[in-house]
Amino acid sequence: MLRNDAVEGAQRKFLDLRRFPRLGELSRLPAAHQPEWGDHADLECIRAELADLPSLIDHRDIRALRLALARVEAGAACLLQVGECAELFSMASERHVERRLSLYRRMADHLADRTGREVVLVLRMAGQHGKPRTQLTETLPDGNKIPVYRGDAVNSFAATVVGRRSDPWRLLTSYDRSRDTLKYLQGGPALGQRVFVSHEALLRDYEEPMTRGGKTLYSGGGHLLWIGERTRDIRDWHVQWASSIINPVGVKVGPTASGVDVTDLVRMLNPRREQGRLSLITRMGAAEAVGRIGALAEAVRELRSPVLWQCDPMHGNTRKLHGTKVRLLPDMRAEITAFVRTLRDSGCHPGGLHIEVTPDAVSECHEDASSAKGGDACPPCDPRLNSEQALEIVDHFASEISN
Ligand code: PEP
Ligand code: CO
């Protein structure tokens, strides 16, 4: 799948890390959860092409988002970060973008109505094309093993050996689809309104060349970037790269994160204690939430550094029932309740909700285990809330923070 126009343009160009000494230093650091591209001869050309393409975002919007997030930290607004677990390239159509945005807006309006507060809406959209995976391979019904799906930016969901081959040309398609998505977001129903987009900064060969700026670096790939639970080691590339850019950043923190891990992350990612810079997105699982969040909140409070606490009630609550991954709504409600009350008890402010939803009529999350029958279509990644469930979970968050 060669893009001739890109090959032509990129043949003599290579991403010159000397232009960005800081990025050059970082490129020697280890990065977890990266695809094996093999010795793909085109990788350097692809990186160079990405580096030459226009930034996907207007860098002035970074400041606007940081100011909005500062209002969330101060308790004057609340944050809703929402979108698909993994965007497929096929979702970058005008119709799908409009359907997603219309659901996200309804959720934000509902949160605003129920809380009487301004809602800052950040979409998991226009670049959420890479997925970290715990297992490297998946076993087919015939017993053969193939590499796992790593998101459309890397390989195909089609469960064949060829489909699952890592193809770095997909990084350029990821850029194109993100640009299309942003075009539809900014036209149509959002005409004239500012939209903020975010994705997990996972793929070094995409994020590094999408870094822009001179003395001050920023990501041109999205307004807010977050680091996943599996790649938050402070010595590694992901955290170090995030510390080099001025965009607001988030870090997912799960049940294995200690108080020391989290205070190190806060010091590294927000050394000047700036407002609107850093979100800690807790995803503990309902059973662990009270104890874990309490311990982290105590540790962070002592640093006197502003943090936007977000609750992801989904990733710590994934279960396997009848061989299918599901998430139960009572678990999510319990984690949200624990998040809000525990943070408040520790003198911290519960600022936002981070959830995976789809406008499609799916049945991937359930009210109780008995309604999960198995055999439901398997989503490309994690189980998502449908529209009705999404509004219900927003409602629960609203009632907890309004108490
Ligand atoms: C995600 O947000 O889709 C994800 C993989 O989350 P986590 O890093 O928290 O597991
Ligand atoms: Co997910």
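Reader: Which residue has a polar backbone atom 2.9 Å from an oxygen atom of ligand 1?
Author: The model is predicted: local features need pLDDT of at least 70 and side-chain atom pairs 80 or more, while totals for chains, interfaces and linings use all residues. Residues are numbered from 1 along each chain as its sequence is written, chains are lettered from A and ligands numbered from 1 in the order written, and side-chain values use heavy atoms, without hydrogens and water. The residues around ligand 1 (a heavy atom within 4 Å) include R124, E229 and E356. The backbone atom in question, 2.9 Å from a ligand oxygen, makes a polar contact (N or O atoms within 3.5 Å) and belongs to E229.

Reader: How far is an oxygen atom of ligand 1 from an N or O atom in the side chain of R124?
Author: R124 is one of the residues around ligand 1. For the side chain of E356, the distance from an N or O atom to a ligand oxygen is 2.9 Å. For the side chain of R124 the value is 2.9 Å.

Reader: At roughly what angle do the axes of α5 and α6 cross?
Author: Helix α5 spans residues 94-115 and α6 residues 169-186, with axes coming within 9 Å. Angles under 35, over 145 or from 65 to 115 degrees have other names, and the rest are oblique. Thus α5 is oblique to α6, at roughly 60 degrees.

Reader: Which residues in α10 do G259, V262, T263 and V266 in α9 meet?
Author: The axes of α9 and α10 are 9 Å apart at about 40 degrees, and the crossing is right-handed. With contact meaning heavy atoms within 4.5 Å, the α10 residues are L296, A299 and V300.

Note on methods. Axes are lines fitted to C-alpha atoms, for helices over the stretch in contact, and angles run from 0 to 180 degrees between N-to-C directions. Helices (H or I, at least four residues) and strands (E, at least two) are DSSP runs, numbered from the N terminus. A polar contact is a pair of N or O atoms within 3.5 Å; within protein, one must be able to donate a hydrogen and the other to accept it, and residues adjacent in sequence count only if both atoms are side-chain atoms. A crossing is left-handed if the near helix is turned anticlockwise from the far one by less than a right angle, and right-handed if clockwise.
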